[in-house]
Structures are given as C-alpha cells and as structure tokens.
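These are my notebook entries on one structure. I looked up charged pairs, aromatic rings and nonpolar cores, in that order.

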Amino acid sequence: MSTGRTAVTRHGFVVDVRPEKREEYLELHRAVWPRVEAAMREQGIRNYSIFIIDTTLFGTYEYVGDDYEADMARVQLDEESQRWWRLTDPCQTPFGEARDGELWREMELAWHMD
C-alpha cells in the first residue's frame with residue numbers, strides 16, 4: 001500500500017446498465033461484499049457513491065494517496081473483487097463511445113466546490 005496519503009483527487013465514472021439487469025445490479029449493491037469495499041479502502045478510495053437515473057449509472061469517489069495507477073492495479077488483483085465484477089459486469093453496457101473492453105468511462109472534472 002502507498003504511504004504519505006495526503007493528496008485527494010476526485011474521480012467520476014459513467015456506464016449504462018442493461019434495462020433487463022437494472023434490478024439485479026441494484027440488488028447486488030444493496031449488500032456489497034465487505035472484502036470488495038475493504039480492497040478499495042486499502043488502496044485509498046473514500047466517499048464512493050453510485051447514482052442511477054433511468055439506465056445510466058454515475059459513480060464518484062475520492063482517492064487519497066500518492067500513486068493512483070499502482071493502487072488501482074492492486075484493487076484489480078483482489079480475487080474477491082474479481083468475483084464481484086463477474087456478477088456486476090454483465091449488468092453493464094458502455095456509455096457513449098467507449099473503447100473496446102471499456103465499461104465505466106472516467107469523466108473529466110469540470111468543476112468542484114468544497
């Protein structure tokens with residue numbers, strides 16, 4: 001895990017949910033597995049929220065750390081998180097013009113107020 005966690009960056013992501021899988025996705029997120037949450041916390045993810053409108057999901061979180069890419073790579077290696085994504089990924093479809101294999105698309109921060 002990274003040390004010296006002083007920097008805070010905000011991240012926003014968007015993806016669509018398949019209409020026929022909307023309720024399944026929401027049901028999964030009513031009881032997110034503790035290890036999935038722990039894997040993100042261990043790598044500096046805080047204040048994570050997912051919002052939904054119609055069939056579009058918007059996620060936002062803060063990252064508190066000093067090596068975002070390395071910390072996110074460690075989350076990707078977590079076996080319980082990988083099992084979780086095998087359940088949630090089929091519920092999703094890319095938003096807009098995503099690259100091949102991309103589901104959640106990171107958005108650029110346009111404005112923030114503390």
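**Entry 1: a pair in helix 4**

I began with Glu80 and Arg83, which both lie in helix 4 (residues 79-88). They are three residues apart, about one turn of the helix. For helices I used DSSP runs of H or I with at least four residues, for strands runs of E with at least two, both numbered from the N terminus. The model is predicted, and I kept to its limits: local features need pLDDT of at least 70, side-chain atom pairs count only at pLDDT 80 or more, and totals for chains, interfaces and linings use all residues. Residues are numbered from 1 along each chain as its sequence is written, and side-chain values use heavy atoms, with hydrogens and water left out.

Glu80 and Arg83 form a salt bridge, with 2.7 Å between the closest N and O atoms. I counted a salt bridge when a side-chain nitrogen of Lys or Arg is within 4 Å of a carboxyl oxygen of Asp or Glu. Side chains of opposite charge can pair when their charged atoms come close.

My cut-offs were under 20% relative accessible area for buried, over 50% for exposed and in between for partly exposed (1.4 Å probe, protein chains only).

**Entry 2: other salt bridges**

How many salt bridges does the structure hold? I noted twelve. One of them joins Arg35 and Glu42, at 2.8 Å from N to O. Arg35 has 33% relative accessibility, so I wrote it down as partly exposed; Glu42, with 32%, is partly exposed as well.

Arg30 forms a salt bridge with Glu23, the closest N and O atoms being 2.9 Å apart. Glu23 counts as partly exposed because its relative accessibility is 45%. I also found a network of salt bridges that links Arg10, Glu62 and Asp114.

**Entry 3: aromatic rings**

I searched the whole structure and found five aromatic pairs. Rings of Phe, Tyr and Trp (its six-membered ring) pair if their centres lie within 6.5 Å; planes under 30 degrees apart count as stacked, over 60 as edge-to-face and the rest as tilted.

Phe13 and Tyr61 form a stacked pair, 5.6 Å centre to centre with 20° between the planes. This pair links distant parts of the chain, with Phe13 in strand 1 (residues 8-17) and Tyr61 in strand 3, 48 residues apart. Both Phe13 and Tyr61 are buried. Together with Tyr48 they form one aromatic cluster.

Phe51 and Phe58 are also stacked, at 6.1 Å centre to centre and 25° between the planes. Phe51 counts as partly exposed because its relative accessibility is 49%, and Phe58 is partly exposed at 32%.

**Entry 4: nonpolar cores**

Which residues make up the largest nonpolar core? There are eleven, among them Phe13, Met40, Tyr61, Val75 and Trp84. Such a core is a set of buried Ala, Val, Leu, Ile, Met, Phe, Trp, Tyr and Cys residues joined through side-chain atoms within 4.5 Å. Helix 2 (34-42), strand 3 (56-64) and helix 3 (68-77) each supply at least two of its residues. Helix 3 gives the most, with three.

I then looked up Met40, leaving aside its neighbours within four places in sequence. Met40 is in contact with Ile45, Tyr48 and Val75, where contact means heavy atoms within 4.5 Å. A second, separate core has five residues, including Val15, Tyr25, Leu57 and Cys91.
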